[in-house]
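Please open the structure in your viewer and keep the selection tool at hand.

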Amino acid sequence: MFDDVCLVTDSMQWSNAKVIAAYRHPNGEWSLEDRPGSELFGYIHPTNEWSEMGFDELPVEFFNHQLFDCDPHDEGSVRSFIATWGFPFLPFRNMYADTTSWHYLDRGRIARAIRRTSAVRDFALVLGNKYYDDEYRHDYADASAEELEEYGEEYWVYRPLPVYGESIPDEAEWEHYKGLYSTDNIGICDAISLDEAALTLAMLQEAVRSIMDSVRNGSAIHARHLDTVNMGSSYQKLLHWDGAYSGARTRWQHYSMLTSAICNQVIDAFADEAPWRDCACEGCSVTFKRKQSRAYAPTSDSIYCCVACEERQKKRNQRAAARNRIRH
């Protein structure tokens, strides 16, 4: 028997930080402000606001609830979704275009979305690198006599930090800042285009609708919807030793963890032996296995898909019972 084993598993994570919008003018000029003639191009998790989310933090059956709270055709709705849950990258990034049944329908949209994400990630990389360069270059030589007197040796802790994106490097500086750090460091350059976020959410919604229609009605599922889930999924755990991570990361893992979390949930739901059932709340069209609530172990014997539906129907039943008492 071996009790002191340092090898453990931990949940994969993805960036889920403050979101800022990136705009681009037709002349190629980038901005973090909406200026005349500029187009909303994508979103960035700024280097100085970094945080993460893991698989275990997604609500149960996220694919049945929060996924459909977003309207992929409304920019404000997409922005609200990614500000809460992170960036949903396309599940087809690691596939050859002609190996998926999506290619003959959306090859052009997929290619455009990925190109635009690459462009906004380059912009985020430059801003992140400049931010770090400005931060670490700021030392005692920049401190005023008043600051040194007030903070002494702690000046490094209390020094004023640069503002992320306050100044955007010009064309001459661009290549310098782009090359300071690795493009694999998502803590410096994580970003997504509006096109990719919206297209991914639309594809995931379409796939889940098709799958749940098949559960309810026995209807056929197009292969493209299976492709979305199967190619978007990935194993949700990593093996590490006593806090030391291997550093292994595929391009798929690098980009698609939120997408993987959603697709993994769909597959896990079908592996779950609990029965599918329709929510008993009037007007709710959700077919589910486990109730979405704050419970640590989500129940599979509820007639309601979530707490909100349960409370809504209880109020309806109470009003109906009150009216019945009055009549009698």
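Of the contacts in the protein chain with a separation of 6 or more, what percentage is accounted for by residues 24 or more positions apart? In this predicted model, such residues account for 72% of those contacts.

**The whole chain**

Begin with the entire protein chain, which has 328 residues, 44% of them buried. Colour the chain by secondary structure to show 12 helices and 10 strands.

**The sheet**

Select strands E4, E3, E5 and E7, which form an open sheet in that order with antiparallel pairing. E4 and E7 (191–193) stand at the edges with a single partner strand each, so one side of each has no neighbour in the sheet.

Now select E3, residues 20–24. Is this strand largely enclosed or left open by the rest of the structure? E3 is largely enclosed, because 4 of its 5 residues are buried. On one side, 2 bridges join E3 to E4 (residues 30–31), and the two strands run antiparallel. E3 and E4 form a hairpin with 5 residues between them. In its turn, select Gly 28, whose phi is positive, about 95 degrees.

Next, turn to the pairing of E3 with E5, where 5 bridges join the two antiparallel strands. Select Arg 24 and then its bridge partner in E5, Glu 39. E5 also pairs with E7, in the antiparallel sense, over 3 bridges. Here, Ile 44 stands opposite Ala 191 in E7.

While side chains are displayed, a general rule may be recalled. In a regular strand, the side chains alternate between the two faces of the sheet.

**Helix H2**

Select residues 75–85, which make up helix H2, and display Ser 77, Val 78, Phe 81, Ile 82 and Trp 85, which are buried. These residues lie on the same side of H2, because they cover an arc of only 125 degrees around the axis. Against which elements do the buried residues of H2 pack? Among them are strand E5 (39–44), already visited in the sheet, helix H8 (194–217) and helix H11 (257–271). Then move to Gly 86, which follows H2 and has a positive phi near 110 degrees.

**Glu 61**

Select Glu 61, found in the loop between E6 and H1. Its phi is near 50 degrees, a positive value in a residue other than glycine. Most residues other than glycine have a negative phi. Glu 61 counts as buried because its relative accessible area is 5%, under the cut-off of 20%.

**Ile 267**

Proceed to helix H11 and select Ile 267. Is this residue buried or partly exposed? Ile 267 is partly exposed, with a relative accessible area of 36%. Leaving aside residues up to four places away in sequence, Ile 267 touches Val 229, Asn 230 and Ser 233. A distance drawn from Ile 267 to Val 229, C-alpha to C-alpha, is 7.7 Å, although the two are 38 residues apart in sequence.

**The largest pocket**

Finish at the largest pocket, whose volume is about 660 Å³. To find this pocket, select Leu 58, Pro 59, Val 60, Gln 265 and Pro 298, which lie nearest its centre among the 22 residues of the lining. Colour the lining by residue class: 10 residues are nonpolar, 5 polar and 7 charged.

Terms used:
Residues are numbered from 1 along each chain as its sequence is written. This is a predicted model: local features need pLDDT of at least 70, side-chain atom pairs count only at pLDDT 80 or more; totals for chains, interfaces and linings use all residues. Side-chain values use heavy atoms; hydrogens and water are left out. On a 1 Å grid over the protein atoms alone, a cavity is a set of points where a 1.4 Å probe fits but cannot get out, and a pocket is an open set with protein on both sides within 12 Å along at least five of seven lines; lining residues have an atom within 4 Å of a point. Grid points are joined across faces, edges and corners, and a volume is the space filled by probe spheres set on the points. Ala, Val, Leu, Ile, Met, Phe, Trp, Tyr, Cys and Pro count as nonpolar, Asp, Glu, Lys and Arg as charged, and the others, Gly among them, as polar. Buried means under 20% relative accessible area, exposed over 50%, partly exposed in between (1.4 Å probe, protein chains only). The arc is that of the directions from the helix axis to the C-beta atoms. Contact means heavy atoms within 4.5 Å. Two strands pair if DSSP finds at least two bridges between them.
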